[in-house]
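Colleague: I have a model open and want to go through it with you. Can we start with the backbone and work outwards?

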Amino acid sequence: MLITLKDFHHLGTLGVFIVHISLKLLINKFKIASRHVRSLEVGEITTVQIPNDKSDDFESVNVTVYDANHCPGAVMYLFEGYFGRIFHTGDFKYHPRIFDGMIAHKRKPIDHLYLDNTFCHPRFQFLDIQGAVDRIAKIVSSFPGHIVLLGVDTLGKEDLLIELSKRLNTRVVVTKRRLHAIHSR
């Protein structure tokens, strides 16, 4: 989701289109009025009317969001309309099966691809969540009787914390804000 200040003048007519978990964050954290935000479902095609930049008419555009296998709310967008087919990955974590849902029902070529390749190099080897839980649990278990502090980003590590709590059969203490984020999902 990318929203800039200049985008807010369109909120009265178009709104912001995001997935449910991002909708909650936008409304709760940034106090955006819910009437300006519309939720999209992962894997479903949503038809949106957008202004045509060459006339006063509106054009129908199909928008499909796909899970980006990244932090909660991270999605990839497929836009289909008079301009062709545009696929925008945003920040995503590649997995060999990440595009299965898209390939299963979309056999048409992509006209424009906006690919975030920030970490698209063989030297970047990231663990999946299970690998991260295994590794962190092993480290934490090697310090019995100690309090272990884990520094985590503002958003996106909730699943990791929950899995660690289950694996280690212990409580994970978080701030009220993070606890709210965990329970609002």
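Colleague: Is Asn69 buried, partly exposed or exposed?

Modeller: Asn69 is partly exposed, at a relative accessible area of 33%. Buried means under 20% relative accessible area, exposed over 50%, and partly exposed in between, with a 1.4 Å probe and protein chains only. This is a predicted model, where local features need pLDDT of at least 70, side-chain atom pairs count only at pLDDT 80 or more, and totals for chains, interfaces and linings use all residues. Residues are numbered from 1 along each chain as its sequence is written, and side-chain values use heavy atoms, with hydrogens and water left out.

Colleague: Where does Asn69 lie, and what is its phi?

Modeller: Asn69 lies in the loop between strand S4 (58-67) and strand S5 (75-81). Its phi is positive, about 55 degrees, although Asn69 is not a glycine. Most residues other than glycine have a negative phi. Helices (H or I, at least four residues) and strands (E, at least two) are DSSP runs numbered from the N terminus.

Colleague: And Asn169, buried or exposed?

Modeller: Asn169 counts as exposed, at 72% relative accessibility. Asn169 also has a positive phi, about 50 degrees, and lies in the loop between H4 and helix H5 (176-183).

Colleague: Switching to H1. Which residues are buried there?

Modeller: In H1 (residues 20-30), they are Ser22, Leu23 and Leu26. Seen down the axis of H1, they fall within an arc of 110 degrees, so they line one face of the helix. The arc is that of the directions from the helix axis to the C-beta atoms.

Colleague: What covers them?

Modeller: The cover includes strand S1 (16-19) and strand S2 (37-40).

Colleague: How do H3 and H4 pack?

Modeller: H3 and helix H4 (residues 158-168) pack at an angle of about 50 degrees, with their axes 10 Å apart. Axes are lines fitted to C-alpha atoms, for helices over the stretch in contact (heavy atoms within 4.5 Å), and angles run from 0 to 180 degrees between N-to-C directions. H3 and H4 are therefore oblique to each other; angles under 35 degrees count as roughly parallel, over 145 as roughly antiparallel, 65 to 115 as roughly perpendicular and the rest as oblique.

Colleague: Where is confidence lowest and where is it highest?

Modeller: Going by pLDDT, the predictor's confidence in each residue from 0 to 100, it is lowest in helix H2 (residues 100-105), at a mean of 62, and highest in helix H3 (residues 129-141), at 91. Over residues 1-12 the pLDDT is below 50. Where pLDDT is low, the predicted coordinates should not be read in detail.
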